[in-house]
Amino acid sequence: MKYSNADRASTYKGPRGRDETVRQDRRALGLCGISQAALILPAEISRKSRCAAIAKRSSDLALSIDSCDPLAEDGAQFMIKLEQVTKQYDLPSEKGGELVAADRLDLDIADGELFGLIGPNGAGKTTTLKMVCGLQVPTAGRITVKGIDVQLEPEEAQRNIGYLADFFSLYDELKVWEYLDYFARAYKMEPHTIAPRVDQVLRLMNLETKRDAHIHGLSRGMKQRLGIGRAIIHDPPLLVLDEPAAGLDPKARVELKVLLKDLHAAGKTIFITSHILSDLEEICTNIAIMEKGRLLRIGRLGEVMREGKSVRRYRVRLAQSGFGLAMWLAGRVGVTGVVSEPASANFVLDGGDAALAELVKDLVAAGAPVCEVQEVVESLERLYSRISSGEVM
Amino acid sequence: MSEFAVNPELLRNARIQLRPGRAIAAAVICAAISLTAWSYSSYDSTEGSTGLLRLTLQLQVLVLLLGGGIACLQSVHREKELNTFDYQRVTRLTSLELALGKLFGAPILTYFVVLCLIPLAIFAAVLGRVGTLLVVEAYIVLLLGCIAYHSLALLASMVLGRGGTAMVIFGFLILVALTSSETGRGESNWLLGQFSPFAAASFSIWSPGMPPWRDMFFGRTIWHFATLLVLYATFTGWFLLGIKRNLKRDPATYEIYSPLQGFCFAMYLNILLLGFFNWQSSPGTAFINDSRVPKEQAGLPATSIEQSLLLSSAWIFFVLGILLLRNRERARRRVHALSGSAAGWWASVWPTPYVLAGILLAGLAIVELIRIYRQPGQDWSYPGALFEVAFCAAWVARDVLYLQWMNLRRTRRPLVSAFLYLVIFYTCAGIMLTVTEKLVSERAIAVSALLVPSQLLPRMVAMWPANHGLLAGILVSLAAEAFGFAFLQRKKLHEFVAPAISAPAPTAKNSHHTTILSSS
């Protein structure tokens with residue numbers, strides 16, 4: 001049965017064209033604390049998902065999801081792979097000719113990532129997402145999803161994808177359950193699994209009470225949840241979400257974030273774009289910053305934030321004032337930009353972690369009652385605006 | 001069959017359109033219409049009852065053909081405007097499943113209305129003592145005919161751009177009107193009876209005393225019912241093929257038919273054109289002792305027949321050429337895939353090889369059929385006719401190459417503006433040449449064919465014996481014009497090649513490291 005929790009093996013074509021068998025251990029996910037009734041696990045669940053589940057079970061937050069994913073580290077298993085993908089559009093000659101929405105993009109998204117794509121309007125985010133889903137054909141380059149070439153085998157690739165567009169639109173004349181039922185059938189799910197699956201998704205999306213309501217009567221937040229429900233109805237391992245938070249009120253956005261985190265924890269790979277950077281900052285494991293069809297930064301969120309800065313700023317707080325912290329820092333080699341506050345100071349330090357460790361050691365030796373040392377992390381919004389304005393390249 | 005019944009798209013349309021309230025309302029309206037029609041008709045006589053049957057069938061055709069056709073015309077287009085079509089494209093439904101779901105799902109309410117009116121038709125058929133076979137035939141024609149028209153409407157809906165709905169609906173209505181005339185019954189030289197599903201109503205009034213309703217195909221008599229079945233089935237097949245090939249594709253890369261498929265479709269249309277023509281009516285006499293062949297039409301001279309058929313074939317292949325035109329996106333993708341060879345001379349003459357081959361083949365067939373069936377007199381010249389075929393082919397090739405070149409320009413809707421320029425050019429040149437026609441010599445008019453080749457066609461056969469050289473020169477000049485447009489197309493293609501080859505790719509690394517990309 002397609003949605004049983006039993007162990008099973010499934011074969012798929014790997015990124016190098018060979019058949020690979022992924023052993024699924026659904027029982028591992030059963031330990032992760034997420035309701036089995038609410039979350040149906042992907043058919044080809046990855047090692048990374050199991051790691052995520054185990055990490056959650058043991059509450060060992062120090063265990064990084066990425067650190068236990070050797071397949072992803074050696075590059076053998078990517079959910080999405082873009083190779084030199086280019087998309088050019090024509091603009092009328094009076095508007096400047098050609099628009100390059102994607103300029104030779106190379107991007108690998110490992111299985112189990114929650115990957116955020118950030119960029120201004122017209123950066124090429126939606127085009128990139130549509131190309132991943134096989135909805136637009138790249139002018140050049142190759143895209144694979146789970147090792148399947150999207151151009152050569154679009155239907156095979158699309159069975160692994162749940163897609164939500166930026167201008168989401170639903171069939172207003174249908175009832176909520178009919179809408180999910182339609183897509184379950186369109187994804188060719190086994191007939192006997194459709195009704196329970198529809199009920200499960202309605203529960204997961206908190207729409208059980210609206211089961212028989214017509215879609216035109218739903219609020220925007222409910223419609224958005226229904227749209228996500230449609231995207232996961234066939235239990236795809238990959239969700240491609242284009243601006244899912246657009247137009248939602250703060251409460252609905254919080255609910256959406258929780259939902260995305262749950263889906264991610266259940267093993268879904270999520271490729272998401274958003275204008276609301278603080279949302280991405282909270283949920284994404286990796287991000288890419290895109291502008292004018294090019295990827296300016298790609299990487300893990302923390303690394304991108306750090307790499308975005310040419311120098312690192314720290315804040316030292318003392319248990320009590322009176323030490324002369326600002327003066328001590330100003331006299332030290334490698335420290336600049338000291339900003340003094342009562343019992344604390346902000347400063348810029350050349351060098352990496354070793355230089356910081358040395359400084360803290362000396363500061364404690366000098367008798368300073370150090371109670372907190374913290375790297376000052378700038379927000380994603382700030383980083384993004386600096387990068388996109390060319391301050392950092 | 002059961003798989004078709006659970007086609008998700010069909011089910012979705014049924015759920016939306018046949019909700020109990022709406023279905024009951026439709027059924028009540030149909031019942032009211034039936035009762036009204038029954039009470040006003042003189043059903044006590046056989047004629048009155050057959051009249052009621054005919055009226056019912058016409059009403060059913062009207063509802064299904066026009067109502068269903070308009071629903072199909074909007075089916076894909078509306079989904080695109082609502083942004084729901086992409087969701088259908090990413091499902092596992094195949095193009096054919098999606099197409100069939102829309103083909104029968106979009107007009108499902110009109111099918112229901114037709115079903116509700118069937119009791120009235122049966123009642124009228126029983127009272128009018130119309131044979132069961134005739135009623136069955138009528139409904140088969142109605143159903144298959146409407147499916148063929150709906151397939152065309154669905155194809156149009158798929159390729160329709162934003163804002164063109166009203167115009168396409170108008171075009172659809174015109175097409176229905178044109179094909180609903182009874183061409184085989186004395187109004188023209190075509191030996192094909194009524195083509196549209198309105199023919200179903202005519203089936204019902206046939207009685208044993210009347211002559212059988214038959215068509216002529218290359219001189220062979222065919223039962224009209226069989227003709228319609230074959231034509232509806234083949235046209236539905238062609239249209240569904242186009243839909244299947246493209247429905248789930250990126251609209252920017254639509255290609256209705258592959259070049260070979262398009263060529264075969266154009267040849268099929270030509271075979272129908274030539275097959276249903278009344279070839280065997282020699283001047284002054286009708287081919288068959290049948291009032292259907294008009295005496296005044298039967299005596300068309302061979303030259304006129306050749307020119308009219310040749311022009312019809314040329315139109316068909318002109319449309320084929322338009323279907324095969326490459327837009328900038330396709331040209332760009334070819335350049336990325338094939339590099340420099342995508343801008344070679346062979347690519348620069350696209351799509352004329354198919355157009356030329358088609359017109360030459362069809363033209364030769366026309367000339368041969370004229371020789372076989374019409375045995376033309378001294379006023380007809382075989383080499384002149386062959387020259388006419390070559391002239392027509394060069395003319396169409398020139399215009400198609402012009403459109404292809406214009407289609408590669410960077411502008412909004414390049415093909416539409418190219419068409420407009422072409423229409424304006426022919427209109428202005430035609431007016432100018434008509435005005436000056438009386439003032440200049442015949443040879444000067446012949447030279448004017450370099451601009452407007454249609455000017456020369458009516459005179460060509462007459463001029464041929466004495467002006468071989470001049471006409472050959474005009475043909476060469478026309479070919480040179482075509483090569484001029486091919487040259488321009490080549491230049492455009494080279495514009496695509498240059499940036500694609502020269503620009504270096506930026507370096508990029510995978511996502512497992514923070515990557516800063518050069519912003520060259």
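**Salt bridges within and between chains**

In chain B, the side chains of E79(B) and K102(B) form a salt bridge, with N and O 3.4 Å apart. This pair links distant parts of the chain, from helix α4 (residues 46-81) to helix α6 (residues 95-105) of chain B, 23 residues apart. The model is predicted, and a search of the whole structure finds 34 salt bridges over all chains.

Burial of the E79(B) and K102(B) pair

- E79(B) is buried, with a relative accessible area of 5%.
- K102(B) is also buried, at a relative accessible area of 1%.

Salt bridges between chains A and B

- D181(A) forms a salt bridge with R15(B), the closest N and O atoms lying 2.8 Å apart.
- That pair crosses from helix α6 (residues 176-186) of chain A to helix α2 (residues 8-17) of chain B, and both D181(A) and R15(B) are buried.
- K248(B) pairs with E155(A) in a salt bridge whose closest N and O atoms are 3.8 Å apart.
- Because K248(B) lies in the loop between α11 (224-246) and α12 (259-275) of chain B and E155(A) in helix α5 (residues 154-158) of chain A, the pair joins two chains.
- K248(B) is buried, with a relative accessible area of 12%, whereas E155(A) is partly exposed at 30%.
- A network of salt bridges links K87(A), D250(B), E329(B) and R332(B).

Chain A overall

- Chain A has 14 helices and 16 strands, and buried residues make up 55% of its 393 residues.
- Among its contacts between residues at least 6 apart in sequence, 67% join residues at least 24 apart.
- Chain A exposes about 15,900 Å², of which carbon and sulfur atoms supply 52%.

Conventions. Residues numbered from 1 in each chain as written. Chains lettered and ligands numbered in written order. Predicted model: local features only at pLDDT ≥ 70, side-chain atom pairs only at ≥ 80, totals over all residues. Heavy atoms only, no water. Helix = DSSP H or I, 4+ residues; strand = E, 2+ residues; numbered from the N terminus. Buried < 20%, exposed > 50% of the residue type's maximum accessible area, 1.4 Å probe, protein only. Contact = heavy atoms within 4.5 Å. Areas by Shrake-Rupley, 256 points an atom, 1.4 Å probe, with all protein chains shown as cover. Salt bridge = Lys/Arg side-chain N within 4 Å of Asp/Glu carboxyl O.
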